[in-house]
Amino acid sequence: MSPLLSVQNLKVYFRGDETVARAIDGVSYEVHAGETVCLVGESGCGKTVSALTILGLIPRPPGEIAGGKIFFKGRSILGLKEEEFQQIRGKRIAMVFQEPMTSLNPVFTVGDQIKEAIMVHEAIADRQAHSRCVGLLKDVGIPSPEERLRDYPHQLSGGQRQRVMIAMALACNPNIVIADEPTTALDVTIQKQILNLFKELQKARDMSLLYITHDLNVVREIADCIYVMYAGIIVEQGKMEDLFEHARHPYTMGLLASLPHRAKRGRILYSIPGTVPDPAYKPGGCPFHPRCEHAAGICKKEFPEMCDYGDGHLSRCPVLYERTNTVTF
Amino acid sequence: MLSFIGRSIVQKMITLFFVSVISFLIIHLAPGEPSQVDPLNPKFTPEIVERFRKEFHLDKPLYVQYLFFYRGLLSGRTVSWKDNQPVLAKMWERFLNSLPLFIVGTIITWTLSFPIGIRSAIFRGGIFDRSATFFSYFLISIPGFFFAYILIIFVVTRFQVPVIGMQTFGLSDASTVRILMDRVWHLLLPSMLGATGGIAILSRYVRSQMLEVEGQDYVRTAKAKGLSWEQVHYKHALRNALLPFVTMFGLILPGLIGGSVIIESIFSWPGMGRMAYEAILARDYPIILTVNFISAVLVLLGTFISDVLYLVVDPRIRL
Ligand SMILES: Nc1ncnc2c1ncn2[C@@H]1O[C@H](COP(=O)(O)OP(=O)(O)OP(=O)(O)O)[C@@H](O)[C@H]1O
Ligand SMILES: [Mg+2]
């Protein structure tokens, strides 16, 4: 079956005065119908940029699509005209943003903002739109929806605002919802609730979910497939259980090792040494090599190819690939 | 809401009292006295100066003078020391002269600044934005009087119309249309000149407000919903960018009285600004203090109006 959304070798650069920040440097991933795909990576690795590119929301300039293709339902959408993109945004592909506190317009009521999302795509009467809004707020678990619709965003808590954002994203029954770290700005108990909400909604509506996060605990809860991003590239991808059980890339291993429940009691929690490279000054060869404990001479010189472990499990680390093969055979 | 209005009014009354005391003190403690305007004039014998001082209570202690003055002002009996005319009547006449200048100037300023600023922000870096930036800085930096003279020369030689003063004298027999056009010509140039500085500054301000709002997350949300270009910019962005200008709207009220001394002087326009300026030269305390007091009232009224307007337009402010 062909994927609902397919991103192929996407490159997005930001041109500064003297430097070019290669925020996304050849990223490919696929989202199939009814599937939850997680995009995982540290801050600054290009997760948000890749999501915004799908919706054609990268500010140009300074942004620039340097290459690649994006297909939605088999149709190339990367070069679409603004008016054509407007037909897709919100209606076919909807997005929930990272910052619930600032993503709603402070001068319009919640009801107006959700209603607007419906009425821009569907020619329905105001009353119908209103009852749809009430239903949507119920769906996302907001009590007394009639009253909340008359509220302004500042009257709601962060968790409620994010629920409103989710309701807005669901307004036109999109095929895919892109959730960009929807729980990062919320406190822990609310995070859990929102995550569960996503799980339920995804099942109930049989929609696809592209869930962006840096939290592997979240990934374990909801993902079918995982793509691990590092410095603008995908370093490892595969099915959720497979990846958690048999991580093949040093970066993924590091991320997993730094999960609290994996550490042994009384031991200091593992953390990957070093920091994410600046996208304007990425190291040559494998971008992860300065932080990698398995780095060999070749890692500094050659950009690593994807190595296939079967069953859709790919990892961009030839060094470990060779080692496993020599051990196995 | 009502308690806010009540509290605000009380606060403003207290402020007004202090303003009246301080402005009174500043005027009276400044060196020079009305009786000494013209010390070389042989008519000003010491006896006459003494009589003058007595008549206008200048020999009394300051607080008595203060009470005398504000009693006179509030009962409407204050007269100018220069020509013994009632101050309020004099001001009213000048005010009516300044009013058309003010209204036309303000309308020109606000109707031009907003489209220019908004367009510059939406198409930032484009040709329109860059030329608007250039002309703004040009108009801000060119001295007003210099620009005025150039324009006067241009208009007078090119269109052969008189522009100095409020109207051409000796036209009373001409047709109504002719008289009307004459008034319009006289009004247009000074109000346009008065507006240029305002347009240059206000359009910049609109632009920066709009730019800031355009970068906000909720504008991105609006785009992600699939809204049209117009809805994103003119509904979601503009509504927020306009909020601070509601405050400014209340603050243009004091401009009613200050007018522009320079423009009124260049065009020999018998308005409020020029009257205040002449009163200062003549040390005509009643006029200076009355102008001062009314300006203070207008400033306070303006801030009050902005506060209330803000309350109405920004849902985040609730009391
Ligand atoms: N408008 C922009 N102009 C210039 N550079 C940008 C812009 N947007 C993003 N970038 C660059 O692209 C890189 C990737 O940013 P992105 O926001 O996608 O990271 P992220 O993975 O979403 O991180 P986070 O977890 O912090 O949200 C960053 O290094 C950033 O500097
Ligand atoms: Mg992000």
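These are my notebook entries on the two ligand sites of this predicted model.

**Entry 1**
I began with the shell of ligand 1, which holds 15 residues. Nearest to the ligand come A:S43, A:G44, A:T48, A:V49 and A:E181. I then sorted the shell by class and got seven nonpolar, five polar and three charged residues. Looking at secondary structure, I found that helix α1 of chain A (residues 47-54) gives the largest share of the shell, with three residues.

**Entry 2: polar contacts of ligand 1**
A polar side-chain atom of A:E181 sits 2.7 Å from one oxygen atom of the ligand. For A:Q98 I noted 3.2 Å between a ligand oxygen and an N or O atom of the side chain. As for surface, ligand 1 taken alone exposes 630 Å², and the protein buries 67% of that.

**Entry 3: the magnesium ion**
Which residues coordinate ligand 2, the magnesium ion? I found A:T48 through OG1 and A:Q98 through OE1, at 1.8 to 2.7 Å. The two are 50 residues apart and link distant parts of the chain. A:T48 belongs to helix α1 of chain A, while A:Q98 lies in the loop between β6 (93-96) and α3 (110-119) of chain A.

**Entry 4: buried or exposed?**
Last, I checked accessibility for this pair. A:T48 has a relative accessible area of 22%, so I logged it as partly exposed. A:Q98, with 21%, is partly exposed too. The cut-off for buried is under 20%.

Notes:
Residues numbered from 1 in each chain as written. Chains lettered and ligands numbered in written order. Predicted model: local features only at pLDDT ≥ 70, side-chain atom pairs only at ≥ 80, totals over all residues. Heavy atoms only, no water. Near = heavy atom within 4 Å. Polar contact = N/O pair within 3.5 Å; in protein donor to acceptor, adjacent residues only side chain to side chain. Areas by Shrake-Rupley, 256 points an atom, 1.4 Å probe, with all protein chains shown as cover. Helix = DSSP H or I, 4+ residues; strand = E, 2+ residues; numbered from the N terminus. Nonpolar A, V, L, I, M, F, W, Y, C, P; charged D, E, K, R; others polar. Donors = N, O, S within 2.8 Å, 3.2 Å for Na, K, Ca; no water. Buried < 20%, exposed > 50% of the residue type's maximum accessible area, 1.4 Å probe, protein only.
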